[in-house]
Amino acid sequence: MSDRATPFYCPYCGDEDLRPQEEPHAAWLCTGCRRVFTVKFVGLNLTGSTAQREEVTK
């Protein structure tokens, strides 16, 4: 599995032409707006989702 999350579009302008950048680590360059950004996976919130699901099924 890769340690780099792959975005499908730029979060700033919506352009889909993204290129990987070496610095900062795991960054992406948008060729449309020339911004460099990173994508980070924080984790899953399982406690909140199960409580909400139980309320909906009642």
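**Stop 1: the aromatic pair**

The structure holds one aromatic pair. This is a predicted model. Select Tyr12 and Phe37 and look at their rings. The ring centres are 6.3 Å apart, and the planes meet at 70°, so the pair is edge-to-face. The cut-off for that label is an angle over 60 degrees. A pair of aromatic rings is described by the distance of the centres and the angle of the planes.

Now see where the two residues sit. Tyr12 is in the segment before β1, while Phe37 is in strand β3. The pair therefore ties together parts that are 25 residues apart in sequence.

Is Phe37 buried or exposed? Phe37 is buried, with a relative accessible area of 6%. Tyr12 counts as exposed, at 53% relative accessibility.

**Stop 2: the sheet**

Look for an open sheet of three strands. The strand order is β1-β2-β3, and the pairing is antiparallel. Which strands are at the edges? Select residues 18-21 for β1 and 36-38 for β3: these are the edge strands, and each pairs on one side only. From one strand to the next, the twist averages 35°.

Next, select residues 27-30, which form strand β2. How many bridges link β1 and β2? They pair over four bridges, in the antiparallel sense. Pick Leu18 and find its bridge partner in β2: that partner is Cys30.

**Stop 3: the cysteines**

Show the sulfur atoms. The cysteine sulfur closest to that of Cys13 belongs to Cys30, at 3.6 Å, which is too far for a bond. For Cys33, the closest cysteine sulfur is also in Cys30, at 3.7 Å, again too far for a bond.

Cys13 counts as partly exposed, at 41% relative accessibility. Cys33 also counts as partly exposed, at 25%.

**Stop 4: the whole chain**

Select everything. The chain has one helix and three strands. Follow the sequence and the pattern reads β-β-β-α. Now show the surface. The chain exposes about 5100 Å², and carbon and sulfur atoms supply 53% of that area. Of the 58 residues in the chain, 16% are buried; Phe37 is one of the buried residues.

Finish with contacts between residues at least 6 apart in sequence. Among these, 13% join residues at least 24 apart.

Definitions and conventions:
Residues numbered from 1 in each chain as written. Predicted model: local features only at pLDDT ≥ 70, side-chain atom pairs only at ≥ 80, totals over all residues. Heavy atoms only, no water. Pairing = 2+ DSSP bridges. Helix = DSSP H or I, 4+ residues; strand = E, 2+ residues; numbered from the N terminus. Axes fitted to C-alpha atoms, helices over the stretch in contact; angles between N-to-C directions. Disulfide = S-S within 2.5 Å. Buried < 20%, exposed > 50% of the residue type's maximum accessible area, 1.4 Å probe, protein only. Contact = heavy atoms within 4.5 Å. Areas by Shrake-Rupley, 256 points an atom, 1.4 Å probe, with all protein chains shown as cover. Phe/Tyr/Trp six-rings, centres within 6.5 Å; stacked < 30°, edge-to-face > 60°.
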